Amino acid sequence: MQRLQAFRFELMPNGQQEQQMRRFAGACRFIYNKALALQKERYERGEKKLGYAELCKLLTEWRKSTEIAWLARVPIHPLQQKLKDLERAYSNFFDKRADFPRFKKKGRSDSFRYPDPRQIKLDQGNSRIFLPKLGWLRYRNSRKVLGDLRNVTVSRGDRPVARTGKWFVSIQTEREVERPRPKGGTVGIDLGIAHFATLSDGTFYPPLNSFKRHEVALRKAQQAMSRKVKFSNNWKKAKARVQKIHVRIANVRRDFLHKVSTAISKNHAVVVIEDLKVGNMSRSAAGTANAPGKNVRAKSGLNKSILDQGWYGFRRMLEYKLSWKGGRLVAVPPENTSRTCPGCGHVSADNRQTQARFACVACGYENNADVVAAINILFRGVQQLRDEGQDTANALVGMQVDWLPVSARMACGSNCIGSRKQEPAETTARGAIRV
C-alpha cells in the first residue's frame, strides 16, 4: 500500500535566503487576498465565482502588469498553489466543513509550497535541500527522509513558533509499505482534565498541563514586556522571551501527545473516542452587556484547562497513526457517557456522585467515573461497528473483562463471568501501576 508522510525540519537559511523567503511568503499572501477580494466582489454583484483555472489566467495577467510587476520575480508554482488553497477553502465552506475564507495577515501562517518534485533536490548526506530561486538551504537533519519526494512546503511553523522568526521545511514523500496488520483489541478512551486519558481497561494517563507548568514564567515575562516602551529595543528583547516560552509550551505539549498516541496506537486495533466539540466546550461564558454570563471566572479557568490538554491534536495523531498500523479510530456521541450505568443501563445525574466516584442508584454498581465513561464509549463504538456490519467477536481482545457486570459483558459479546470493582491504573515510564 502507498503511504504519504511528511518530514519536518528546521531550516538554517542565510540572510539573503531568509529575505527571499519572506518575499515569497508575502507574494503568496498578496495573491490569496487579491483573489479572495475579487471573489467577494463578484458575489456581491451576483456573479458566479471564478474557478481555479480562471484564476490562474488572471495570475498570468497580474504578473505581466506594470503595477505589480514584482510578482514576476516570485516562482509561479507557489502562487498557483495559493489559488488552489483558496479554491479548497471555498469548497470546505460550501460543504459546511469550515467558515467563510478570511484574508491572511502578515506574520500568521506565512508559507509557500513547491508542488513539482523535479525542481527540488534533496541531499540528506550533507543536510541540505535545493529549492527554486532559493538555492541550497541547510536544515537540521534529525531523521532520514523515506520515500519518493512529492512536494515541499516552507513555512514559519505554528503560530508561537512563527513569531520567533524560525523557518521550517516540510517534505512530503510517498512510498510503498506492507499492508499492516493491527495488533490488540478494541479500547474506549475518555478524555478529561483530572485524567488526560482514561482507557476502558482501567489504565489512565495523567495530564501534562504544559501551559499551567509555564504559566508563572509566562506571566512574569509578559509583565516585564508591558513595562517597556513599545517597539523599543528592550521591548523587542522582552517580546522574544515571551515568544520563547510560548514555543516551549507548544513543543512540550506536542511531545506528550505524540508519546501517548503512539503508545495507544501500538497496542490497539480499534480505538473509540468521544466526538468532542472542543470549540463549543471552551466558548467564553462572559455573555453580553445586556445578558451577562454567570460563573465567568470559573468557566474561564475551565476553558484554559480544556485547551491546555490538546484534545483535537491528540485525536488527529491517533487517527493517522492507527491508519498506518492498520487500525481504526471510531468517534461516538459524548452524551451521558459518565452518567450511564454499564451494568443496568440506568441514566441519571445522581449516578455520578462526585467527580471521581460512580455509584448507580438503580443497581448499586460502583467504579471510577472516568473508567465508567470509557466503558460506555467502548460499548457505543462496538455497537456502531455492528451497525456497519463489522465483525466484533474479538472486540474485547486484550481487555480485562472479568470485573465488568454481567449485562455489560453481554453487551460487548463477552462470555466471561464474575465481577469486581476496578480502579484506574496510572501509566508511567515504567509501565502500569495498579492503585
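Me: Is Arg328 buried, exposed or partly exposed, and what is its relative accessible area?
Reply: The model is a predicted one. The class called partly exposed lies between under 20% for buried and over 50% for exposed. Arg328 falls in that middle class, so Arg328 is partly exposed, with a relative accessible area of 31%.

Me: Which residue forms a salt bridge with Arg328?
Reply: The closest N and O atoms of the pair are 2.9 Å apart, and the cut-off for a salt bridge is 4 Å. The partner is Glu388.

Me: How many residues apart in sequence are the parts that Arg328 and Glu388 tie together?
Reply: Arg328 lies in strand β12, whereas Glu388 lies in the loop between α10 (369–387) and α11 (406–411). Glu388 is partly exposed at 40% relative accessibility. The pair therefore ties together parts whose separation in sequence, in residues, is 60.

Me: What separates Arg22 and Glu18 along helix α1?
Reply: Their side chains meet in a salt bridge, at 3.6 Å from N to O. Both belong to helix α1 (residues 15–44) and are four residues apart, so the separation is about one helical turn.

Me: Is Arg42 buried or exposed, and at what relative accessible area?
Reply: Arg42 is linked with Arg45 and Glu47 in a network of salt bridges. In the pair of Arg42 and Glu47, the N to O distance is 3.2 Å. Glu47 is partly exposed at 35%, whereas Arg42 is buried, with a relative accessible area of 18%.

Methods:
Residues numbered from 1 in each chain as written. Predicted model: local features only at pLDDT ≥ 70, side-chain atom pairs only at ≥ 80, totals over all residues. Heavy atoms only, no water. Helix = DSSP H or I, 4+ residues; strand = E, 2+ residues; numbered from the N terminus. Buried < 20%, exposed > 50% of the residue type's maximum accessible area, 1.4 Å probe, protein only.
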